[in-house]
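Dear colleague,

Please find below the structure that I am handing over to you. My findings follow after it.

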Amino acid sequence: MTQTYRITLLPGDGIGPEITAVAKDVLNAVGSQLDLQFEFSEALLGGAAIDATGNPLPHETLEKCKNSDAVLLAAIGGQKWDNLPREQRPETGLLGLRAGMELFANLRPATILPQLIGASTLKREVVEGVDIMVVRELTGGIYFGKPKGVFPTETGEKRGVNTMAYTEAEVDRIARVAFEIARKRGKKICSVDKANVLEVSQLWRDRVIAVSADYSDVELSHLYVDNAAMQLVRAPKQFDTIVTGNLFGDILSDAAAMLTGSIGMLPSASLGAEGPGLYEPVHGSAPDIAGQDKANPLAQVLSAAMMLRYGLNLPEAADRIEKAVTAVLDSGYRTGDIMSEGMTLVGCKKMGEVLLDTL
Ligand code: IPM
Ligand code: MG
């Protein structure tokens, strides 16, 4: 019997709809090969949702996501909505979705593909073989801590406040996810914090050390975030798994992504303790190239592969997609962001077509 999987698509803004169309075609193609049925249902998030409903995360979207087997998001945001009050901004919709689905663990792999080493801004010998997994805490820290807001002081001057806070339980659960992942990878984990200055980071470090007692087979180290940023561009091969809080993870995952040459290649997964996961490329909505058929759909396609592997437990389908991506790169097809001499420049649609041909 054909098994059916219910997938909610959130195309979002900017290049989102273009890259989602490619991912959907690829999923359908691999589905028909392996006798899997994907039942897609689209929902509004971010700017698209603001335009249609005034709300960046309509109630209906959250319900749909929670009731599906997995959620595939493209990207949200754009200048058009940048001056709205914070509660109406596209980003607030994404944060609400992460919180609403309780997706506390964000997995952001940064793996350099041999075909794209030339696209990195760093020297070949520095980046060759880089294979890092950033595990970012996603529903706590300064993104969600209270108090938050802009308040008038006694003199009438305004003061902006956010709070970086973590409970022991919040640190423990993300640390466990990261140790489990490190165990299946290089058995090395680096916890990144700012414990030399921040109390919240001291607690973070203490809890990571406590949790590490259950993972004596995994080597644990610690770095302050400023040093970690420096080490990532100086000698990235020293890292295997990185575990860190929400804000530091946001920043370091962009830096790690860029080691690979283009943020346009990297997928991510956001997982909770139970329930469906959310899969999305690390890159944003790239409004500057939206609608011009220039976007690189590969991060979105690889996010779909991550969804198959981690969310739907379909490793064979994930393998096929990942192999097709590698084969297409081997054949020399490149979108503008990863273009180099002698390669064939293609647009988003064409990249989708060659992927389908390869599959
Ligand atoms: C990311 C993005 C988001 C974040 C924004 C769009 C809210 O930068 O997923 O890394 O800060 O988490
Ligand atoms: Mg970010």
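Predicted model: local features only at pLDDT ≥ 70, side-chain atom pairs only at ≥ 80, totals over all residues.

**Overall form**

Residues are numbered from 1 along each chain as its sequence is written, chains are lettered from A and ligands numbered from 1 in the order in which they are written, and side-chain values use heavy atoms, leaving out hydrogens and water.

The C-alpha trace of the protein chain spans about 60 × 50 × 45 Å along its principal axes. Of its 359 residues, 50% count as buried (under 20% relative accessible area, with a 1.4 Å probe and protein chains only). Among contacts (heavy atoms within 4.5 Å) with a separation of 6 or more, 75% come from residues 24 or more positions apart.

**Domains**

The protein chain is divided into domain 1 (1-106 + 261-359) and domain 2 (131-258), with bounds from an automatic or database domain assignment. Their centres, taken over C-alpha atoms, are separated by 25 Å. Domain 1 and domain 2 each contribute 14 residues to the contact.

**Sheet and helices**

The protein chain has 12 helices and 14 strands; these are DSSP runs numbered from the N terminus, with helices being H or I of at least four residues and strands E of at least two. An open sheet of 10 strands has the order 2-1-3-12-11-4-5-10-8-9, with mixed pairing (two strands pair if DSSP finds at least two bridges between them). Strand 2 (36-42) and strand 9 (219-224) stand at the edges with a single partner strand each, so one side of each has no neighbour in the sheet. From one strand to the next, the twist averages 25 degrees.

Strand 5 (residues 131-137) and strand 10 (residues 241-244) run parallel and are joined by 4 bridges. The bridge partner of R136 in strand 10 is T244.

Helix 1 (residues 16-34) lies across strands 1, 2, 3 and 12, running at about 160 degrees to strand 2. Helix 6 (residues 168-184) lies across strands 4, 5, 8, 9 and 10, at about 165 degrees to strand 5. Axes are lines fitted to C-alpha atoms, for helices over the stretch in contact, and angles run from 0 to 180 degrees between N-to-C directions.

Yours sincerely
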